[in-house]
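Student: I would like to learn how to read a model of this kind, feature by feature. Please start with the sheet.

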Amino acid sequence: MRILYCEDYESLSLRAGSLVISEITQKRDLLLCAATGSSPIGLYDALVTRSRTDRALFAALRVIKLDEWVGLLENDPGSCEQYLRTRLLDPLGISPARYIALTSAPSEPEEECKRIRSELEQHGPIDVCVLGLGINGHIGFNEPGPVLLPRCHVARLSDDSRRHAMVRFADRTPHFGLTLGMQEILAAKRIILLVAGAGKQQAIAGVLSGEVTTTLPASFLWLHRNVDCLIDRESVSPWNPG
Ligand code: F6R
């Protein structure tokens, strides 16, 4: 894992943006796995800014949604769908044919996961996977616990996840999420882990300890050969490893 300390959130976002743009430059029809939440907002803004002067760069880009809350309407402002639509898909002009998405209100969640597994088998692997670090060390909705699941599944959300800012104003806080599994994430050719925002000190300290444990799902990223972990120094302050 390459650990990159960034001065602040803006420099983290610009560095992450350059990494993704250089990958798209080399492979125009790249499959980008997109997390939501506060950490990748600046990265997505950097892509959108680039698209204003180089629309063609994104003309073949494909996107897969990393995870979704179960039970929110797709147009709920807290849904991952609405987030990606506003921040990434619409501004970059990603057509439905170039987007693989877990539905937020599936009538049969298990069937929805099966559908995504087979989409990924057909159209994967992911080329670049953008992840945020949960305050409890989760990635996607792969929550800490005695076991982790390899493939797309329905996840019971931890209390920490249920307190996430995205669903703070939801009418009913979701109890479940749909998420790509650990193997599907680890099969990505390149992973970019963004560590930004309040309350991440303990989780990132655990990751940097180098121990791999199911109680800290992000620690499994040590098993991958091509991970960039970008850390916003301001967020992890006062814990500051230098
Ligand atoms: C969201 C997701 C989550 C977040 C994580 C960090 O799609 O997959 O794992 O990345 O909870 O959230 P933020 O970036 O809001 O701190």
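Student: How many bridges join E2 to E3?

Tutor: Strands of a sheet pair through backbone hydrogen bonds, either parallel or antiparallel. Here four bridges join E2 to E3, and the two run parallel. Two strands count as paired if DSSP finds at least two bridges between them. Strands (E, at least two residues) and helices (H or I, at least four) are DSSP runs, numbered from the N terminus. Lys65 in E3 is the bridge partner of Ala34. This is a predicted model, in which local features need pLDDT of at least 70 and side-chain atom pairs count only at pLDDT 80 or more, while totals for chains, interfaces and linings use all residues. Residues are numbered from 1 along each chain as its sequence is written, and side-chain values use heavy atoms, leaving out hydrogens and water.

Student: Which way do the side chains of E3 point?

Tutor: In a regular strand the side chains alternate between the two faces of the sheet. In E3, Arg62 and Ile64 point one way, Val63 and Lys65 the other way, and all are buried. Buried means under 20% relative accessible area, exposed over 50%, and partly exposed in between (1.4 Å probe, protein chains only).

Student: In what order do the strands form the sheet?

Tutor: Seven strands form an open sheet in the order E1-E10-E9-E6-E2-E3-E5, with parallel pairing. E1 (2–6) and E5 (99–100) stand at the edges with a single partner strand each, so one side of each is left without a neighbour in the sheet. Five bridges join E9 (residues 190–195) to E10 (residues 227–232), and Val195 stands opposite Ile231 in E10.

Student: Where is Leu47 found, and is Leu47 buried or exposed?

Tutor: Leu47 is found in helix H2 (residues 41–53). Its relative accessible area is 1%, so Leu47 is buried. Not counting residues up to four places away in sequence, Leu47 touches Gly17, Val20, Ile21, Leu32, Phe58, Leu88 and Leu92; contact means heavy atoms within 4.5 Å. Leu47 and Ile21 are 26 residues apart in sequence and 7.2 Å apart in space, C-alpha to C-alpha.

Student: Which polar atoms lie by the oxygen atoms of the ligand?

Tutor: A polar contact is a pair of N or O atoms within 3.5 Å. A polar side-chain atom of His164 lies 2.8 Å from an oxygen atom of the ligand; for Lys200 the distance from a polar side-chain atom is 2.7 Å. At Gly140, a polar backbone atom is 2.9 Å from a ligand oxygen. Taken alone the ligand exposes 410 Å², and the protein buries 94% of that (Shrake-Rupley method, 1.4 Å probe).

How values were computed:
A polar contact is a pair of N or O atoms within 3.5 Å; within protein, one must be able to donate a hydrogen and the other to accept it, and residues adjacent in sequence count only if both atoms are side-chain atoms.
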